Every structure is written in C-alpha cells, then in structure tokens.
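Dear colleague,

I am handing over the structure below, with the sequence alongside, and after it you will find what turned up when I went through it. Please read the notes with the model open beside them.

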Amino acid sequence: MHSSSRKSSIGIYLTLILLDWYWGAVSGQLSYSVSEEVNPGTSVGNIAKDLNLNVQDLETRMFQIVTGSKRKYFEVNLKTGFLYVNERIDREELCAKATKCTMNVEAVINHPLKLYRVEINILDVNDNNPLFTAKSQTIDIAESVLPGATFLVLSAYDADVGRNGISTYKLNPNEYFSLAVHKGESVSAELVLQKALDREKQPVIKLTLTAVDGGTPPKTGTSEIIINVLDNNDNIPVFSKSLYKTSITENVPLGTTVLTVTATDADEGINGEISYSLSSKDQDHIFEIFQIDSETGILTVKGQIDFEKSSAYEIRVQARDKGQPPLATQCKVLVEVLDLNDNAPEITVTSLLNTVKEDAKVGTAIALVSILDRDGGKNGEVKCDILNNVPFKLETNYKNYYSLVVDGPLDREITSYYNVTLTATDEGTPALSSTVVITVHLTDVNDNAPCFSEPVINVYLRENSPIGAIIKTVSAVDADSDQNGQVSYSCLDSNSYSVVLSTMVNINSETGDIISLQSFNYEELKTFQFKVQATDSGVPPLSSNVTVNVFILDENDNSPGILAPYSDHGSVNSENIPYSAEAGYFLAKIRAVDADSGYNALLSYHISEPKGNNLFRIGTSTGEIRTKRRMSDNDLKTHPVVVLVSDNGEPSLSATVSIDVVVVESTGDIQTQFRHVPIKEENFSDLNLYLLISIVSVSVIFLLSFISLIAVKCHRTDSSFSRYSAPMITTHPDGSWSYSKSTQQYDVCFSSDTLKSDVVVFPASFPPVDAELISINEGDTFNRTQTLPTKEKFDTILRSFDE
C-alpha cells in the first residue's frame, strides 16, 4: 500500500458526467471518478452544485447518501455540499480483475422526495506488486544442449489491471541465458540458452527473474531460477507440432481418446526413450479432467466434460527422455468443447391467483411462467405451449417469460378445476422438452337459478282430508355450490280465487312440503291453483317458479235427496189406483238427486218393505212404480209402499220415501198431479183413429228431431275443457243407463215415459279417466238384471285419480 504522501502525489482524478437529466421520482444520474486508496475525507465532487440544490436546504431536507452494502464508502458534507470519501477503498477487493469498477449509490432528498442515482468509477492505482507462485524454480539442463534452446519459466501474478498489470520480465545479466518475453492477452517469458554449458566449469547457475508492471512508478516481483547443468544426454525430445488443436463433444464417456501427441528424440538407447506427462505448472484443474498415457502419448478423458462449465481447455504436455540427466520439452494442446443438447428446459410457475372466479374476464392473468435452458445457441432457444384443450392461453411478455391468462368462458358447474399442461421444447437435435401441470381451481358465483323438474305439478286431493296433511313435496335443484346452491321455498298467490291462499295451504321453506291448512269440500271448491317459488341464498338471489294445480276428489259424503212432491223419510204420501188397473199400470215416479258426482251420485231405486201380495214393482234406474199384476178380491184396499233410494258410493248412502196406495173402484176418483189418465171410451170411431195416428206421427217426428239435437249437444267436444271433462251417467229413453267420458259440463237425458219425463243433471266430478260404456238393461222391469261395474274396478279408477 502507498503512504499518505504518495497518495497525495497521485492526486485525485475527478470526472463529472451528467447523464440523462430527469425530473420526477428519479430526477437524474451523476457520474464521478475517484482513485482507490485515497485518504478518507478526500473530496469527490460538489454534488449539491451538480444537482442544482441549495446548500442551505441540505440539512433541513435531510439529504443523504444510501448504498446497498454494509460499508459506507462515501458521505456528503451538508455544510458545503461536497461528496467525500468516508473510508478506505480497495479496488481489487471490490472488483477483483474486472476491467471497469463502478459503485452505484443513491442520493435522497425529502420535501419533496427526490432520488438521484450517482455512479462512481473507482480508478486503479498501482498498489500491488507482481508475485510469483514460488520464490525459486529449478531447471535441469544437459550440458550438451545447444544454444538457442528455450525453457519455460513460471509466470507472475499482479492484482492490478490495465497498464498497472505485468508489462514485462527482466533477467539479471549473465553469460549463458537471455530472456524472451511474449506479449498478448497475457505476458509470459522463456529462457534462451545463449552459450553452451560446461558442467565442469559451472554445474549450477543462479539467475534472478524480475516481473515488472506498467504502473508509475512501476512495481516489481522476483523469483530465483536455479539451473542444474547435467552431463551427457544432449538431445531434447521434439514434438511433431508445437500446438495441437482438436474438438470434443461434451458428456463423452470416460476414457474417450482426445488425440495422440508424438515426440521424437535423436538420442539412442535409454536417452532416446520418451515418457509423456501433463505439465503441473498452473493447470491443476486439467488433471481432474484429462490424463495421458506416458508411453503412447494418448490423451484421454478422465472426468466429465461440460460445455456449460468450460467451452475450451488449454493443456500443456511434456515429453521427457530417460537419459541422465533427462531432457524435456513441452507443447500445447487446445481442446474445443462442442455443445450438446443435454439440458432440458426448466419451467418455473409463479401463481398470481390461488383460485379463479368462474366469471373471470378473458385476459385475466392467473400465473407467470418462466423458461430456462442452460444450453447455448439453438440448443438454448425454447418455445412454450399448452398441450391440452383448456380455456387458457400463454401470452409472451419477453423472451422466455409468459403470462397464463383466461382465454374463454369458465363454468364451475361443468368443470370445477382445470389441469393446464405446459410443455417447453428447445430447438436442439434431438429436441428436449419439459412438462409441468398447473391446477387451476374455479370458485363459484351465483349464476344458476333453482330448477324444477317440471313446469306444472298436478295434485289430487280427496275432500275432507285432515288438516296439516302433506299433500305434495316439491323439489328444485340448484347447480351452484354452498350458499349459492341452498334453496328455500315459498308460495305465491295466483289471485284467481276469492279465498286467500294463506288460509288454504302452507309450504315448508326448507323441505318443500306443501301442507293443507283446511279440510276441502268438493261441492264448494273443485280446484285451485298457486305457484311455488324456489329461491337460492346467493347474492343477488336467483329464483324460479312452478305452477301447482290442486284437484279436489269427491267423497261420498252426501245422501240422496227426494224431490217434490214426495218428502223425505218420516212422512207418508198417498196415491190412488183403480181396482181395474192392468199389469204395468203406472202409479207414481220417485225423483231424487245426490250432491255428489260420478259413482257417488249414481242412484238406484228399490221397494224395501213389500207387504201384502207384492203388488208393485219399481224401476231401479227410473224410479217408476208400476203394478205387477191385476187386482184381485184378496188384495188389501190400502197398500203401504216404502221406496229406498241408494247411491253407489263407498259406503253407500240412502234415503227413503213412504207411499200409501189406496185402491178405488172408479178411475174418476183418481187425481194425480203428473197426468190425467183419459177415460177409456167404449165407442172408438174411425175419425178418432185417424186423429190419433196423425198426432202420434207428428209426436214421433218431433221426438226424433229433439233426440237428434240432444245427441249432437251431448257429443260435442270443447277443447278448452277436454282435459278436465268428467265421466257421466245418463238415463236413455229405453230405460237403460250409460257411463262414458263426456266432453260437456252436463248431460241432459229423458225417460221413456213422455208424460212423466224427468231431467237428470250430472255435474262433472273427476278429471278424465279411460272411458267405458256401462249399460243397465231395463227393457223389461219384470225379468231384468242390471249390469254395473264391480267395486274393484271402480276402486281402481279412483286410485288412478289419487295418483
């Protein structure tokens, strides 16, 4: 190191360069130069002036120098604004053998905050002496060696750079040797024999080799050379080439031959036998990678050849004969390493988002991808792609850096996560590639409304069902998850009924159970409609509706009612019959209705308490009471008749009516409100016959026309009501019944007796079922049997309504 006086003599080299003046957060950059090893406190430059700062403001605005290292080499005098050296600077410690050594520091001032970048170039001074690795070196030379022979000597090392590095070598004056200095990227020296040696005169010669650097003043380092003069063997081995060049690919197997060096010796016998070795001077690392056969000179690979560690090797090979003393010579072998594509690309993924929302927009970045290939040239050029079909793509940021972004719509309900397979392939031959799989998880957003399995639900409910019964359970499915998929249910009133829906049904908001709040009466309400809304718990919530149609099914809860003029059970009615009445004489007709519908309103008539001689019969479907036979003297004068009217429900309900039939001698004593039976005249003229035929003909034509009109009315189809048309029970003119699916709300039919015709109206009671025709043969009331559907068949029909 220099003394303080010498440092002062060197002086301070300052160069101020103001580069790219910016005003903003980083306001500009200054460049200074200062020599290493200057005394602490040495001024570098007036930084306040160069930055156009007021010296009086430096202290109040907290001006300071910030470095990235623990040691603070520079500081600012806040009074003067000068940047000065704060502690010793050693360029070799900071930058080693680098050609240029710079230090970057930041100047910071507050109120307002501004940042200035300052670059300080550390100038090298000649503060290091050249050094040899050994204080002395020995060379054996035969006395027979001819002048002009050269001998390699150790090179010196100087920590300084540039002109302060080693510039030349010097040899102390002597009569035998001179020094040949070789300059290039490095400076080396060789001894040149000038005069033949004579061992008898001087067996040992000591020389001093001096290495001189280019500093001012120059510094030197010395090494002692001891020359041992050997006798006899006076021919040095000679290589076929002074420089061998070859190339070898990296990663070759151990033992691979690199090349063969050849040397010859003009001596004979043992003095001409040559052994090869690798020179030990300044190439210790070569011994780990290469070896040479001492007999053949074959250079082979001993360790791993890696282009990425070293692209070339310089090997010094020595050939030594076996004479006494042995003679040796050296050559250089330059081995160039050829790169192989032996490094696959390395993929590094940095996630920006842990999860991705399913409604993420196209272009949303979710990860950064970087690729590194340690090979060179084309072997290190890489391209990256996505292998599988996913809604993502890679966007290039700059060379070998990419962003993984969303490239299409995402739907968690279809795919909850994606495995994105990335592959990076280089341009080598053969190409190498690497693959990595990135798992992208999607988070749910509320984008699916609850969904019912059908838009309309039909519910069939028997009347008089208990309050609180579950009449139907509805269910909706939401494809979303967690809160977004939790569904609650509520009822919406359709406002089409006078009765408030909240008094009729309620729904369990969690299970979807629809519960009846009252017992329904078919005769009062046959059907009603409302909507059920399913709403999820998302934000904002989504909902959907389903229409619920409730159809009330009739139960047999109404007994038949007897129509006027006959009253119900408990009172006695009377009718007169002439003693001369023939068999089949019409006495009376019982009319009854049932508020129920369908089979529950299908009525049949029976005489329940026949007394006397069983004089009367009744039509089971018509209710007409007629005589079975003529009167006899043994018959009673008064006949009590009890008529039982029963429906076809389960269980069957009935009503009774009592009639006292009084036998009179003359038809003139008979009074009835249904008809006035004409008195049979003994004298029946031809004119009366013609008149009767005309009246009957007109009546028949009128009756046929009227029946045709009624038939057309009964079979007309109304499409708007066809879904809810009811099965009908109809009384036909011949006394038979029929059961069929009707397309009208009511059927109107007449009995066979035109004087005592009745109108029977059956309201529609049930939704449609498979229609069938049921005939009750009533042509002859004496020997008739009625054919009705069995109870099992009727129950099957009702069960179909319940389902």
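Predicted model: local features only at pLDDT ≥ 70, side-chain atom pairs only at ≥ 80, totals over all residues.

A319 stands opposite T329 in strand 26, and this pairing belongs to a set of nine bridges that join strand 25 (residues 312–321) to strand 26 in the antiparallel sense. Strands and helices are DSSP runs numbered from the N terminus, with at least two residues (E) for a strand and at least four (H or I) for a helix, and two strands are said to pair if DSSP finds at least two bridges between them. Strand 25 and strand 26 make a hairpin, with six residues between them. Strand 26 (residues 328–338) is also joined to strand 19 (residues 243–249), this time by seven bridges and with the two strands running parallel; here S247 has E336 as its bridge partner in strand 26.

Residues are numbered from 1 along each chain as its sequence is written, and side-chain values use heavy atoms, with hydrogens and water left out.

Strand 49 pairs with strand 50 (residues 624–627) in the antiparallel sense over three bridges, and the bridge partner of F616 in strand 50 is T627.

Turning to the aromatic side chains, the structure holds eight aromatic pairs, a pair being two rings of Phe, Tyr or Trp (its six-membered ring) whose centres lie within 6.5 Å, with planes under 30 degrees apart counted as stacked, over 60 as edge-to-face and the rest as tilted. One of them is the edge-to-face pair of F392 and Y418, with 5.6 Å centre to centre and 80 degrees between the planes. Because F392 lies in strand 31 (residues 392–398) and Y418 in strand 33 (residues 417–426), the pair ties together parts that are 26 residues apart in sequence. F392 and Y418 are both buried, where buried means under 20% relative accessible area, exposed over 50% and partly exposed in between (1.4 Å probe, protein chains only).

F520 and F528 form a stacked pair, at 5.4 Å centre to centre and with 25 degrees between the planes, and both are buried. Together with F530, F520 and F528 form one aromatic cluster. A charge also meets a ring: the charged end of K526 sits over the ring of Y522, 4.9 Å from its centre, the criterion being that NZ of Lys or CZ of Arg is within 6 Å of the ring centre and within 35 degrees of the ring normal.

Finally, some points about the backbone in loops. The peptide bond from T216 to P217 is cis, with omega near -5 degrees, and P217 lies in the loop between strand 16 (204–213) and strand 17 (220–230). A cis peptide bond also joins V539 and P540, with omega about -5 degrees, and P540 lies in the loop between strand 42 and strand 43 (543–553).

M62, although not a glycine, has a positive phi of about 55 degrees; M62 is found in the loop between helix 3 (57–60) and strand 4 (64–66) and counts as partly exposed at 44% relative accessibility. D482, likewise not a glycine, has a positive phi of about 55 degrees; D482 is placed in the loop between strand 38 (476–477) and strand 39, and is exposed, with a relative accessible area of 66%.
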